[in-house]
Each structure stands twice: as structure tokens, then as C-alpha cells.
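Here is a short tour of a protein model, meant to be read with the viewer open. Have a look at the structure, then follow along from one spot to the next.

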Amino acid sequence: MRLLLVEDNVALADTLCTVFKGAGYAVDWRTDGRDAEILGGQEPYDLCVLDLGLPGRGGLDVLKNWRAVGIDLPVLVLTARGSWSERIDGLRAGADDYLPKPFHHEELLLRLQVLVRRSHGREPQSVLRAAGLELDESTQHVVAGASLPIALSAAEFKLLRYFMLNAGKLLSKGKLADHMYEYETERDSNVIEVQVNHLRRKLGRGAIETRRGQGYLLVGVTP
Ligand code: CA
């Protein structure tokens with residue numbers, strides 16, 4: 001999952017980058033509203049966490065401009081504590097959720113998880129289920145059929161979560177790379193291949209099928 005963080009408070013943004021990366025998000029961080037608006041229009045983000053008071057262009061205008069051109073990226077707006085008018089304005093401008101500052105990181109992560117699930121048409125239960133697999137996002141363990149919980153590396157977790165949210169879809173290496181890596185990262189499709197093989201070793205060889213020249217399909221396990 002790729003996340004765009006737009007926040008001009010450097011200390012807060014630093015902390016949030018660490019928290020988001022720990023939760024398996026590839027994070028791009030911008031402090032300026034204009035930069036963020038352009039990037040949000042270019043890159044296939046899965047989520048955006050948007051502050052309102054920003055240099056360059058205010059968060060509300062960024063959001064309105066995105067919605068005006070049909071960018072339906074799920075956006076969580078960070079508002080000033082107890083400011084109901086900011087909340088209303090944010091929702092009117094097309095925000096999917098909001099959180100007043102200061103907030104607990106865990107609450108923010110849970111709200112983001114709900115937004116991701118909703119944007120993929122999933123119920124926001126604590127465990128993500130697809131293709132006979134159960135993924136616990138808080139512990140980053142997977143249960144495959146009747147197996148015991150299997151620990152995943154950070155990269156395996158990132159990849160498997162994306163596969164499970166898009167279960168039943170054929171995913172090209174390019175698409176996977178688009179949603180796994182940060183903006184500045186060099187895209188190496190061999191890395192995806194290596195990680196897919198790591199997942200097969202843990203879940204069973206048939207869990208992910210390769211379709212020649214097209215990509216991968218999560219088959220999972222039969223329960
Ligand atoms: Ca600010």
C-alpha cells in the first residue's frame with residue numbers, strides 16, 4: 001500500500017513516517033500543498049493523510065482540486081483539536097475520514113486500515129480474509145488453512161496484504177511495484193519475483209500462480 005503523507009510539522013511527520021513504515025506502508029512525504037497535489041495526481045496512492053494548514057496550498061484546496069478532477073484516493077484529514085467547522089469543511093471537500101490532533105498512532109493506523117478495506121469493498125474486521133488465508137495486520141502473521149500462525153517479513157507482509165486485498169485479480173509486476181515502493185525507490189521487478197517466491201515457500205508452492213507475460217494470481221489454499 002502506498003501512502004502520501006502531507007504534513008508541514010517536521011517532528012510529527014518524522015514520527016508518522018516511522019509508524020506508517022512499521023505498519024507496512026510505502027510512504028511519500030510532502031510538506032507543501034502544491035507539491036502534494038501534483039504528486040497525488042501522478043502516483044497511484046492507496047491512501048492519503050492530509051494536514052489542513054500547509055504552505056503553498058491549504059489542505060482543503062488540495063482535496064477539492066483532486067475531487068474536481070476525479071481523483072478518488074481515500075483521504076484522512078488531520079484537523080485542529082475540537083474544530084467542528086474544519087471537520088465539516090473537510091467532509092464537504094470530500095474527505096473520507098478525519099482525526100483531530102493530537103491523536104494516538106494506533107487510532108490513526110486503525111482508521112487507515114478501515115479506509116483501505118472500504119476502498120477494496122471489504123468489511124473492516126480485525127483479520128483480513130481471502131483465498132483461505134487469514135492475515136493479522138497487527139502482528140503481521142498469516143494463517144494458511146489449518147496452519148499455525150506464520151511470521152512474515154516486512155516485505156512479505158506488504159506484498160501479501162496487497163494480494164489479499166486484490167484477491168481474484170491478476171496483478172502484473174509493474175502494478176505490484178507501483179503499490180509497494182516509495183517514489184524515489186528504483187523499481188526492480190526481480191525483487192517482486194524474489195518476494196513472491198518467499199511467500200510460496202511459506203504458504204505452499206501453488207498459493208501464487210504465475211501467468212506468463214501477465215503477472216501473478218493469488219490462489220491461496222483450500223480450507
Ligand atoms: Ca500544518
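Let's begin with Gln140, which is buried at a relative accessible area of 15% (buried means under 20% relative accessible area, exposed over 50%, partly exposed in between, with a 1.4 Å probe and protein chains only). Gln140 isn't a glycine, yet it has a positive phi of about 60°. You'll find Gln140 in the loop between strand 7 and strand 8 (141–144); helices (H or I, at least four residues) and strands (E, at least two) are DSSP runs, numbered from the N terminus.

Ala131 is another non-glycine with a positive phi, here about 50°. Ala131 sits in the loop between strand 6 (127–130) and strand 7 (133–136), and counts as partly exposed because its relative accessibility is 27%. Then there's the peptide bond from Lys101 to Pro102, which is cis, with omega near -5°. Pro102 belongs to the loop between strand 5 (97–100) and helix 5. For background, most residues other than glycine have a negative phi, and most peptide bonds are trans.

## How to read the numbers

This is a predicted model, so local features need pLDDT of at least 70 and side-chain atom pairs count only at pLDDT 80 or more, while totals for chains, interfaces and linings use all residues. Residues are numbered from 1 along each chain as its sequence is written, and side-chain values use heavy atoms, with hydrogens and water left out.

The protein splits into domain 1 (2–119) and domain 2 (127–218), with bounds that come from an automatic or database domain assignment. Their C-alpha centres are 26 Å apart. Between them, 18 residues of domain 1 are in contact with 17 residues of domain 2, contact meaning heavy atoms within 4.5 Å.

About 1300 Å² is buried between the two domains, and carbon and sulfur atoms give 45% of that. Buried area here is the accessible area (1.4 Å probe) that two parts lose on being put together, summed over both. On the domain 1 side, Arg2, Gly24 and Arg117 lose the most area to domain 2, together 34% of what that side buries.

There are 10 residue pairs in polar contact between the domains, both residues at pLDDT 80 or more. A polar contact is a pair of N or O atoms within 3.5 Å; within protein, one must be able to donate a hydrogen and the other to accept it, and residues adjacent in sequence count only if both atoms are side-chain atoms. Helix 1 (10–22), strand 2 (26–30), helix 2 (33–42) and helix 5 (105–119) each supply at least two residues of the domain 1 side. Strand 2 gives the largest share of that side, 4 residues.

## Arg117 up close

The rule finds 1 salt bridge across the interface, a salt bridge being a side-chain nitrogen of Lys or Arg within 4 Å of a carboxyl oxygen of Asp or Glu. Glu137 forms a salt bridge with Arg117, and their closest N and O atoms are 2.6 Å apart. Arg117 is in helix 5 and is buried, with a relative accessible area of 1%. Leaving out residues up to four places away in sequence, Arg117 touches several others, including Val127, Leu128 and Leu165.

## The tail end

Val221 lies in the segment after strand 12 (215–218). Its C-alpha atom is 6.9 Å from that of Leu133, 88 residues apart along the chain. Beyond its neighbours within four places in sequence, Val221 is in contact with residues including Ala131, Gly132 and Leu203.
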